[in-house]
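Confidence comes before the local features.

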Amino acid sequence: MIDKNFGGRKQENCFCGEQSCKMTGEYGDTTIGNVEVWHGNLDVIVNSDLAVVEPLDEDSENGSDGNSAVEHCLQRNHQIIAQTIVFSFFQKKRHPERNNFLTPCISIRGMELRVMLYDSEHDVLLESSSVPLFNNDSSLEFSLQAILVCWLTVNYKYFCSGLCEEYQQHKSNFLVHAKEKIKIYEEELSLGNVGNSRLNEQKLLQRPSNVVRSKDLCDATSGLYLCLARVSQSDCSDKRNCGLAN
């Protein structure tokens, strides 16, 4: 489902220009959250299980120029963090039967994408390194890395077995910062008909104080999709070194 407030031209043909390539999905209400805490619009919801976000521009907190702010807008972006955390809590409420609650969010901007994951049970926030979206700066062909990362992330329900014990120790401290409203995050989040528009988005009560960017998720997220592939094939010989394994 695509946010019905999307400002671009709605069309059936894919933006790649190939006439035989058709757009799928529908436009609808992608609001999520609760008006008492953070709430806003997700750009795309895939199979009701995955959020895709193109974040709004942020002013650089360090006073750098606009070009620098755009270049680094995906890294530790406040909007992406908020939406990932809220979506993880919502998935936990919706699917309490799942073995783990490590929930990803794909963020896309310009020539790159990143994957952020939050475990609402263990309060751990993970962020991948940058993945090149296209083969090169002048190409409209998606890179193999981007295709693999997106496919494995979309299918995280089947490939991801949760956090290993080592990663469970790296708390983001969101549960501590939001303790006065945590019951709302755990029990009262909704998808659809929340608030009025993206203009009503609120920041989290407190930002998480720790985002893990481990060596296992570096080098253009090769650690991420290799780990997921190993889990899917059940041949990961050292799952404690596999950032998403038990």
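1. Helices and strands in this note are DSSP runs (H or I of at least four residues for helices, E of at least two for strands), numbered from the N terminus. The model is a predicted one, in which local features need pLDDT of at least 70 and side-chain atom pairs count only at pLDDT 80 or more, whereas totals for chains, interfaces and linings use all residues. Residues are numbered from 1 along each chain as its sequence is written, and side-chain values use heavy atoms, with hydrogens and water left out.

2. On confidence, the chain has a mean pLDDT (the predictor's confidence in each residue, from 0 to 100) of 76, and 69% of its residues reach 70 or more. Helix H7 (residues 182–187) has the highest confidence in the chain, at a mean of 95, while helix H8 (residues 222–233) has the lowest, at 40.

3. Two stretches call for caution. Over residues 59–71 pLDDT stays under 50, and the model has seven contacts (heavy atoms within 4.5 Å) beyond four places in sequence for them. Over residues 214–246 pLDDT also stays under 50, although here the model has 70 contacts beyond four places in sequence. Where pLDDT is low, the predicted coordinates should not be read in detail.

4. Strands S4, S3 and S11 form an open sheet in the order S4-S3-S11, with antiparallel pairing, where two strands pair if DSSP finds at least two bridges between them. The edge strands, each pairing on one side only, are S4 (39–41) and S11 (190–191). Strand S3 (residues 31–33) is joined to S4 over three bridges, and Ile32 stands opposite Gly40 in S4.

5. Which residues form a nonpolar patch on the surface? They are Phe142, Leu144, Ile147 and Leu148, which together have about 390 Å² of accessible area, as given by the Shrake-Rupley method with a 1.4 Å probe, with only the protein chains shown counting as cover for residues. Leu144 is found in helix H3 (residues 144–154) and counts as exposed because its relative accessibility is 59%, the cut-offs being under 20% relative accessible area for buried, over 50% for exposed and in between for partly exposed (1.4 Å probe, protein chains only).

6. Two backbone angles deserve a look. Asp123, although not a glycine, has a positive phi of about 60°; Asp123 lies in the loop between strand S8 (112–119) and strand S9 (124–127) and is buried, at 4% relative accessibility. Asn173, also not a glycine, has a positive phi of about 70°; Asn173 lies in the loop between helix H5 (165–168) and helix H6 (174–177) and is partly exposed, with a relative accessible area of 30%.

Conventions: Patches are made of residues with over 30% relative accessible area and no salt bridge: like charges are joined within 9 Å, nonpolar side chains (Val, Leu, Ile, Met, Phe, Trp, Tyr) within 5 Å. A salt bridge is a side-chain nitrogen of Lys or Arg within 4 Å of a carboxyl oxygen of Asp or Glu.
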